[in-house]
Amino acid sequence: MRYILILAAVLVAGLSLYLALRWRGGWIPRLGLVAVALAVLAATGWRVMPASMPRHDDGSDLRALYTQVRPLPVGPVRTYHLGHSLVGRDMPAMLAQMAGHEYALQLGWGASLRSHHRGPEAVYGFAEENRTPHFRDPREALDSRQYGAFVMTEMVRLKDAILYEEAITYAGEWAALAAERSPQTEIFLYESWHGLEDPPDWLARIPDDFERGWSQLLWSAARRADKPVWLIPVGQVMARLVSEAEATGGIGEIKSREDLFARMPDGALDPIHPNDLGVYLVALTHYAVIYGRDPLGLPYELLRADGTRATAPSPELARRMQEITWEVVTSQPLTGVTAGP
């Protein structure tokens, strides 16, 4: 389609030049130039910037769905992950070691749900990120009806995803697709976080990001699926751990938010990608929500996806990570998990 638009732009440009030479003034050549501009913008994939965020959705028509008792799995749940580097290869591998389940994934570099929906050619880094035996096309995976859990996440910055990548719409598209092609599959939305350097303060913005952003995707997804889409509140769990660590002088080796994030080859802080400790926390939260089980006592000496040993948290930190994860997951109604017996 884009090539057709480019060809059209060239043809319109030629016509415009002819008109400009034929009629040296007046509205005809000006109209031709406007047509050229519009054709070129269309051909290059330009989209009009929305004036503002969409009207806030409070999910009032869906809240009752989340008051019902959620049936929880009794055994391993084959899980599918759709996302980007904040999913990564290591987190699904760690989660699988915790739960004993099989999994598949599709990733990209900063990939939006929109790009995944459009196909591999629209996903930056598709070949590099999916060079793994765990790759599987998401539509093929859903059509197989082999997966009990379908976990999706959106790119960050989330506001940009909503404004420019139609995140609310495409969360709904994927949920509808999952519900139609694999009705028995539970659908989950993984709430991540923004970069440490993004204003305002990283810790202070997480609740607002959920209310203004992640919840909007969740309501859209649940509405299109016509059933609950469960929240995996990783951002909230991470904020809770950081808040406690920074207020108390540290929990084990975590003294500040930076201790959950990776380092670049030159030693500089990577402000968005988690280190092994952060990845472990993400996996714990996925486990607690997907299985509805208290993660206390889960193993914490795990392997990365490539088989190498991940940096393990100390026993003190591992236990507190597990406790905080369960406290947050069971206090958030949109997970469908309670702290009952």
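**Entry 1**

I began with Arg145, which lies in the loop between α6 (138-144) and β3; helices (H or I, at least four residues) and strands (E, at least two) are DSSP runs, numbered from the N terminus. Arg145 is not a glycine, yet its phi is positive, about 55 degrees. Its relative accessibility is 47%, so I noted Arg145 as partly exposed; buried means under 20% relative accessible area, exposed over 50%, and partly exposed in between (1.4 Å probe, protein chains only).

I then looked at Glu166, in the loop between α7 and α8 (167-181). Glu166 has a positive phi of about 55 degrees although it is not a glycine. At 33% relative accessibility, Glu166 counts as partly exposed.

**Entry 2: ground rules**

I reminded myself that this is a predicted model, where local features need pLDDT of at least 70 and side-chain atom pairs count only at pLDDT 80 or more, while totals for chains, interfaces and linings use all residues. Residues are numbered from 1 along each chain as its sequence is written, and side-chain values use heavy atoms, with hydrogens and water left out.

**Entry 3: the overall picture**

I found 12 helices and seven strands in the protein. Of its 341 residues, 51% are buried. I also looked up contacts, meaning heavy atoms within 4.5 Å. Among those with a separation of 6 or more, 72% join residues 24 or more positions apart.

**Entry 4: cis peptide bonds**

Which peptide bond has omega near 10 degrees? I found that the one from Val156 to Arg157 does, and it is cis. Arg157 sits in the loop between β3 (149-152) and α7 (158-164). The bond from Pro199 to Pro200 is cis too, with omega near -10 degrees. Pro200 belongs to the loop between β4 and α9.

**Entry 5: Ser192**

I stayed in the loop between β4 (186-191) and α9, where Ser192 is found. Is Ser192 buried or exposed? It is buried, with a relative accessible area of 2%. Leaving aside neighbours within four places in sequence, Ser192 is in contact with Leu86, Thr153, Val156, Trp214 and Gly235.

**Entry 6: helix α3 and its cover**

I went on to helix α3 (residues 90-99), where eight of the 10 residues are buried, so the helix is largely enclosed by the rest of the structure. The buried ones are Met91, Pro92, Ala93, Met94, Leu95, Ala96, Met98 and Ala99. Their cover includes β1 (79-82), β2 (103-106) and α11. Gly100 follows α3 and has a positive phi, near 75 degrees.

**Entry 7: α3 against α11**

Two packed helices are described by the angle between their axes and the distance between the axes. For α3 and α11 I noted an angle of about 55 degrees and axes 9 Å apart. That makes α3 oblique to α11; angles under 35 degrees count as roughly parallel, over 145 as roughly antiparallel, 65 to 115 as roughly perpendicular and the rest as oblique. On the α3 side the contact includes Met94 and Met98, and on the α11 side it includes Tyr287 and Ile290. The residues of this contact divide into 13 nonpolar, one polar and two charged; Ala, Val, Leu, Ile, Met, Phe, Trp, Tyr, Cys and Pro count as nonpolar, Asp, Glu, Lys and Arg as charged, and the others, Gly among them, as polar.

**Entry 8: α9 against α10**

At what angle do the axes of α9 and α10 cross? I found roughly 155 degrees for helix α9 (residues 202-225) and helix α10 (residues 234-248), with the axes coming within 10 Å. That makes α9 roughly antiparallel to α10. In this contact, Trp202, Leu203, Ile206 and Phe210 of α9 meet residues of α10 including Met238, Ala239 and Val242. The contact residues divide into seven nonpolar, three polar and one charged.

**Entry 9: the core**

Of its 94 residues, Met152, Trp193, Val229 and Leu260 touch the most other members. Helix α11 (residues 276-291) gives the largest share of this core, 12 residues. Leaving aside neighbours within four places in sequence, Met152 is in contact with residues including Leu82, Leu113, Trp174, Phe188 and Ala221.

Terms used
Axes are lines fitted to C-alpha atoms, for helices over the stretch in contact, and angles run from 0 to 180 degrees between N-to-C directions. A nonpolar core is a set of buried Ala, Val, Leu, Ile, Met, Phe, Trp, Tyr and Cys residues joined through side-chain atoms within 4.5 Å.
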